[in-house]
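Hi,

Here is the structure I promised to pass on. Have a look at it first, and then read my notes below.

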Amino acid sequence: MAHYQAMGSIPPKRHTQHRVPQEGRRPRQGDLYYEELMGEEGFSSDSSLLYHRYIPSTVSGAREWVVGDLATSPNQPLVPRHLKLHDLFAEQDIRTTDAVTGRRLVLGNGDVRILYVVPGQDSPWYRNAIGDECVYVERGSGRVETVFGSLEVGEGDYVVIPRATTHRWLPKRSRSNPLRLYVVEANSHIAPPKRYLSRYGQFLEHSPYCERDLRLPVGPLLAEDIGAEPEEPTNVYLKHRGTGPGGVAGTIHTLPFHPLDVVGWDGCLYPYVFNISDYEPITGRIHQPPPAHQVFEGWNFVICNFVPRKVDYHPLAIPVPYYHSNVDSDEVMFYVDGDYEARKGSGIGRGSISLHPGGHPHGPQPGAMEASLGVERFDELAVMVDTFRPLELGEAGRAADDGVYASSWSRGWGSADESDD
Ligand SMILES: [Fe+2]
């Protein structure tokens with residue numbers, strides 16, 4: 001994000017002495033702050049400089065964190081699937097679930113993991129050292145506290161958290177409207193599509209959103225600002241590369257102080273929020289392909305969103321999509337709200353995922369094309385992840401599979417289950 005920001009106390013010149021101005025127990029007045037460069041691609045891409053009260057390398061303990069069940073199995077026999085994510089968390093489970101350790105793996109491959117969680121309690125402090133996270137807030141609200149500052153988050157927010165950002169999730173407790181998070185964990189960075197950006201990183205005029213639509217952390221945020229002691233020993237849960245399923249491993253680091261010790265920072269690397277309602281849809285006389293709906297990209301995957309919009313206005317237009325065979329990708333659509341015209345009659349509703357794998361042409365359910373003729377507006381809201389490597393099913397994906405979606409195009413033709421003989 002080439003959008004420079006500065007918050008809190010920083011020295012006028014980088015890499016120069018920056019000292020504690022006021023009297024205190026530790027650090028004392030006149031002590032140096034500890035400057036940390038948090039940078040991507042070595043020292044060759046976006047970065048920020050953070051000024052810490054304590055040495056950021058300090059660790060007083062380290063032990064293993066077993067990061068849930070991340071095993072996956074192939075989508076075989078190869079079929080499109082309907083996964084019902086709202087079946088994954090019963091009300092009694094939510095109370096004891098947090099947004100970090102409670103994530104359940106729906107789909108994954110070597111580039112990206114899609115997880116789902118409905119948390120009812122605060123998460124531990126957490127740092128994902130494998131890649132950036134893009135967490136879509138399906139429902140509910142809460143607060144994300146980070147070393148860069150705090151972010152108030154709510155329905156429709158994409159919360160983009162750079163790799164290795166120490167943070168935690170605090171859901172607003174609500175029995176009727178709990179926080180529901182659709183989590184995209186990349187093994188890479190997640191950023192706006194390059195084609196939306198100038199060569200220096202500014203959003204261009206044709207981009208469906210721009211800098212003004214991004215919400216930044218409110219900081220600096222220090223331990224005492226959240227009622228904690230600056231020298232309170234604190235565990236930080238670290239997700240990192242390893243030999244576990246999906247190449248993921250976990251470690252819990254104990255710090256002898258609170259992780260919120262950054263008195264100021266500046267740079268172009270920080271967490272931010274973009275709300276889906278600020279996405280300005282691109283429409284046309286005939287059907288616009290999914291790249292017109294793109295919002296972010298990572299290595300070997302893209303994130304698109306389908307928002308309420310006027311639809312195709314050619315007099316003979318067919319507003320629902322044509323059948324398409326994405327020969328190079330698997331397509332995961334997460335249906336958030338509204339009526340999804342192309343999927344009518346398939347059982348898909350709010351909280352559903354459709355997985356349309358490469359090798360299987362997909363498109364509207366029978367009757368949906370005819371029903372869409374003359375329609376002027378779609379009120380659908382959906383988030384799509386397209387991956388360039390096949391996705392495998394995680395334990396939550398298998399648990400949420402309705403088992404019958406593959407037959408939803410074959411009315412009058414027999415079911416897909418009967419076709420293996
Ligand atoms: Fe599609």
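Let me start with the second largest pocket, which has a volume of about 290 Å³. It is lined by 18 residues, and Glu36, His52, Pro56, Arg127 and Thr166 sit closest to its centre. On a 1 Å grid over the protein atoms alone, a pocket is an open set of points where a 1.4 Å probe fits, with protein on both sides within 12 Å along at least five of seven lines, and a lining residue has an atom within 4 Å of a point. Points are joined across faces, edges and corners, and the volume is the space filled by probe spheres set on them.

Before going further: this is a predicted model, where local features need pLDDT of at least 70 and side-chain atom pairs count only at pLDDT 80 or more, while totals for chains, interfaces and linings use all residues. Residues are numbered from 1 along each chain as its sequence is written, and side-chain values use heavy atoms, with hydrogens and water left out.

Back to that pocket: β2 (34-39), β3 (47-52) and β18 (248-255) each give at least two residues to the lining. Strands here are DSSP runs of E with at least two residues, helices are runs of H or I with at least four, and both are numbered from the N terminus. By class, the lining has nine nonpolar, six polar and three charged residues. Nonpolar covers Ala, Val, Leu, Ile, Met, Phe, Trp, Tyr, Cys and Pro, charged covers Asp, Glu, Lys and Arg, and the others, Gly among them, are polar.

The largest pocket holds about 670 Å³ of space. Its lining has 28 residues, with Glu40, His189, Ala191, Pro192 and Lys194 nearest the centre. They split into twelve nonpolar, eight polar and eight charged.

Next, the metal. The iron ion is coordinated by His324 (NE2), Glu331 (OE), Glu331 (OE) and His362 (NE2), at 2.0 to 2.6 Å. Donors are N, O and S atoms within 2.8 Å of the metal (3.2 Å for Na, K and Ca), and water is not among the atoms, so sites may look incomplete. Why is the arrangement irregular? The four donor atoms subtend angles of 55 to 170°. Four donors count as tetrahedral if all angles lie between 85 and 135 degrees; four count as square planar and six as octahedral if opposite donors are over 155 degrees apart and all others between 65 and 115; anything else is irregular.

Along the chain, the iron donors follow the spacing H-x6-E-x30-H. Glu331 lies in strand β24 (residues 330-337) and His362 in the loop between β25 (352-356) and α2 (368-372), so this pair ties together parts 31 residues apart in sequence. Glu331 is buried at 4% relative accessibility, and His362 is buried at 2%. (Buried means under 20% relative accessible area, exposed over 50%, partly exposed in between, with a 1.4 Å probe and protein chains only.)

Lastly, some backbone details. Most residues other than glycine have a negative phi, and most peptide bonds are trans. The bond from Gln76 to Pro77 is cis, with omega near 0°, and so is the one from Gly219 to Pro220. Glu41, not a glycine, has a positive phi of about 50°; Glu41 is in the loop between β2 and β3 and is exposed at 56% relative accessibility.

Cheers
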